[in-house]
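Open the structure in your viewer and keep the selection panel at hand. The stops below say what to select and what is there.

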Amino acid sequence: MDQFLQQLVNGLTWGSIYALIALGYTMVYGVLRLINFAHGDVYMVGAMCAFYFAHWLGFAAGPSLVGFAVVMFLSMTACAALGALIEMVAYRPLRHQPRLSMLITAIGVSMLLEFGGQRVFGPDPKFFPQLIESRSLLAGGGVVLTNIDVLVIGVSLALMIGLRWIVLKTRIGMALRAVSFSYDTSALMGINVNTVLTCTFMLGSALAAAAGTMVGLRNPKIDPLMGLVPGIKAFVAAVLGGIGNFPGAVAGGLLMGLTETFVAAYLSSTYRDAVAFVILIGVLLVKPAGLFGKPVVEKV
Amino acid sequence: MPSLVRANAALLIGVALMWPLGAALPAVLNAYYLQIIVYIGINIILAVSLNLINGVTGQFSLGHAGFMAIGAYASAAVTMFAWPSGLPGGLWAALLAGGAAAAVAGLIIGIPTLRLRGDYLAIATLGFGEIIRVVIVNTESVGGARGLFGIPSLASFASVYACALICVVLLWRLVYSPKGIPLAAIREDEMAAAAMGIDTTRLKILAFMTGSFWAGVAGGLFAHFIGYIHTNSFTFLKSIEIVTMVVLGGMGSFSGAILAAIALTVLPELLRFGAEYRMIIYSILLIVMMLTRPRGLLGNREITTWLSSKLATAR
Amino acid sequence: MALLEARDCALSFGGLRAVSGFGLSVDAGELIGLIGPNGAGKTTVFNLLTGVYVPDSGDIRFGDRSITGMAPHQINRCGIARTFQGIRLFPNLTAFENVMAACEHRSDLSMVGTVARSPGAEAERRRIEAECLALLDAVDLADRRDTPARSLPYGLQRRLEIARALATKPKLLLLDEPAAGTNPREKIELMEKIRWLRDDFGLAILIIEHDMKLIMEICERITVLDHGEVIAVGCPAEIKSDPKVIEAYLGEPE
């Protein structure tokens, strides 16, 4: 029972991280129908930015909640700018070209961030500063629930609620939903599609940066290739939930995190990576549009 | 039979010429250049076969490296464990076995996934590619996580380019025949294709199997050229690299896929002078090439039509 | 016996009844019109007959077998071919290739034979090519054989779509607004072409058209659809004077 609860905690923590990244994939896919391969690397840049901000501002010296908040905010801002830049340089010129060409530039950007990251940040793993001192909140018993776990889950939840508010209640959120619904119609209705797309990338990248910062707290070893695998998995999570669907991305992320930790704990850790895909394929076969997605009926 | 030989005379001669050519090359090129040339040949097979699936039939697959892995491991298993040593023809038996294994895997994977469209298919094939990799890592009899050592080095310039030539010519004949045009029709408009009596599911699976077969052959050649295989050679990134060749060349264009396979194999080597900047320049070039030629180097045309249209506008 | 016989077909999308109680019978060689105001369900009927949609209830028979629930490609192989209201050619393929794509299921060309250039396969390929060229010629498109379909003018695209449908060797051809977007002169040519196709290829033709004049002139029988239900069946003269039809069209200057 203890082990079960422990895996539940681990799974939820990883699941929240996946969910945050998956939201970025789903948002971009919703408006551009693009698998933004560079997204996982933006998450890496988020972790790296947090690392450097923490050192420059002196928060690396002593743990503090304020330090964490400031570092995460700065990292989110930096990555939002990076996301907007990527959209403008690599995707905007190709918007009216075949969709696959944009996919290739996405791959190019992803590689650029990875290899550029190895050059700029150095290829070796870095140790993320202890911005928060890890404490166990549950005394006794076999279950370890740290304040970091609670923080990760709590902050993720807050960010998701914030995103939901933006999407449902603000003008830009409404525009975003309109563009997701129909790109061409929105443009005809006078929505500034460029602004919407820039904002979409900024929001998604900021969430990824938050995820990167929090991963740094929990698994302090960060390196320029750290975004690759979580990136793919988060995208799979987004597809699992029904791509383009926000609650779906969150559910998919949590499901992904939970299955992975449980499979690693109870079956075999070597099959951990494969199981995610087995579930994905299973779901796609039964519900091709994902768990929460609506099937698209082709108009004849 | 004689007429069959006559119809294929040029191809057969071309294939036969690879051996003297392969014997002559070491006199003019050093081992490093030869190795790159062999990699180009393997990548041509991969790019052209994926072009059949992605470019011609329009089914976006992100798992080509997985089929290459199956071919590599299956063929290595044949030469290492099954084929009697000393008996000639081991490489060809291995390549056929590798191709067949990959084709069967393509069939098994294609039946459920080809119902899915567009990006969903991409993700499902990506998933399968990863599953294949994880399964191999966990199979101790083929070396597991250590990789498979001691594969006899049977493949050479001649066998690689003989296969590449056969692959390109046969797939070209297929695509530009009454049997292949319906594949392109599926890419253009699947619903209309079905309304014209085309069994889209069957043809998609057929194209998928054919493409997988050649990916398997390429994997077999790769295994028997370097003599050691590890799942790290067949990751998602390898699949991406092959997709890049197809898209960069121009979807559906054979000559484009071949050109891109050459360019993307040579480019990292040319950039070696830059050492640590090599891959950075590579990725920037990739982005710039896509931005300047978003429909690929040749659009979806072959180089012959592309050249003649260039000449026509020049005149 | 009727070539095509649809009985009591119904189809709903969610709560919306698109078609109900639909019946239609087409004999071999007949030229039949399907008309009705916008949104009456005409194209939905085509989609039911060609297997794009499966009816919730009812039965569709073609020849001596039921085609209800068959996949679109199977229905086409039974002998029903169609064109689309919004043209759906294969845009990047040439006119010739568009027609050739539709020959696929009728040839026994083997894949191995094709890639090995076996004499049998080569002969079959030449036969198919000649046949495709003849079909292009039949719709006066032979000189545009190498033009990509997307670069053809609108009227020619419509004709190419007909040639492509004919390549599947149908017994029944469904034309969805073949005259839409064509000018008066082209319309007259088209009418002649449709009659000629029927006679020369021995086809039955079911045609959806908004141009009343065209329909009344070439069709032997007309089925009128309104709100997904058949409100009248008869020869052009009967339809013209049918009070229900007049009511359905009231306000539409046809």
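Select the charged side chains of chain C: 30 are positive and 37 are negative. The centres of these two sets lie 5 Å apart. The model you are looking at is predicted.

Now show chain C as a cartoon. Its secondary structure consists of 10 helices and 10 strands. How does the radius of gyration of chain C agree with that of a compact globule? For 254 residues, such a globule would have a value near 18 Å, and chain C has 19 Å, which agrees.

Of the 254 residues in the chain, 56% are buried. Among contacts in chain C with a separation of 6 or more, 67% are between residues 24 or more positions apart.

Move to chain B and select Ser255. B:Ser255 sits in helix H12, which covers residues 254-270 of chain B. Is B:Ser255 buried or exposed? Its relative accessibility is 14%, so B:Ser255 counts as buried, the cut-off being under 20%. Leaving out residues up to four places away in sequence, B:Ser255 touches B:Leu298, B:Arg301, B:Glu302 and B:Ile303.

Next come the aromatic rings. A pair of aromatic rings is described by the distance of the centres and the angle of the planes. Over all chains, a search of the whole structure finds 25 aromatic pairs. One of them can be seen by selecting A:Phe51 and A:Tyr52: the ring centres are 5.1 Å apart and the planes stand at 85 degrees, so the pair is edge-to-face. A:Phe51 counts as buried at 11% relative accessibility, whereas A:Tyr52, at 23%, counts as partly exposed.

Go back to chain B for another pair, B:Tyr73 and B:Phe234. Here the centres are 6.4 Å apart and the planes are at 65 degrees, so this pair is edge-to-face. B:Tyr73 lies in helix H4 (residues 64-82) of chain B, and B:Phe234 in the loop between helix H10 (200-226) and helix H11 (236-249), so the pair ties together parts that are 161 residues apart in sequence. B:Tyr73 counts as buried at 5% relative accessibility, and B:Phe234 counts as buried at 2%.

For the last stop, return to chain A. Select A:Phe51, A:Tyr52, A:Phe53, A:Trp56 and A:Phe121, which form one aromatic cluster.

Terms used: Residues are numbered from 1 along each chain as its sequence is written. Chains are lettered from A and ligands numbered from 1 in the order in which they are written. This is a predicted model: local features need pLDDT of at least 70, side-chain atom pairs count only at pLDDT 80 or more; totals for chains, interfaces and linings use all residues. Side-chain values use heavy atoms; hydrogens and water are left out. Helices (H or I, at least four residues) and strands (E, at least two) are DSSP runs, numbered from the N terminus. The radius of gyration is taken over C-alpha atoms; the globule rule is 2.2 Å times the number of residues to the power 0.38. Buried means under 20% relative accessible area, exposed over 50%, partly exposed in between (1.4 Å probe, protein chains only). Contact means heavy atoms within 4.5 Å. Lys and Arg count as positive and Asp and Glu as negative; His and the chain ends are not counted. The place of a charge is taken as NZ of Lys, CZ of Arg, CG of Asp or CD of Glu. Rings of Phe, Tyr and Trp (its six-membered ring) pair if their centres lie within 6.5 Å; planes under 30 degrees apart count as stacked, over 60 as edge-to-face and the rest as tilted.
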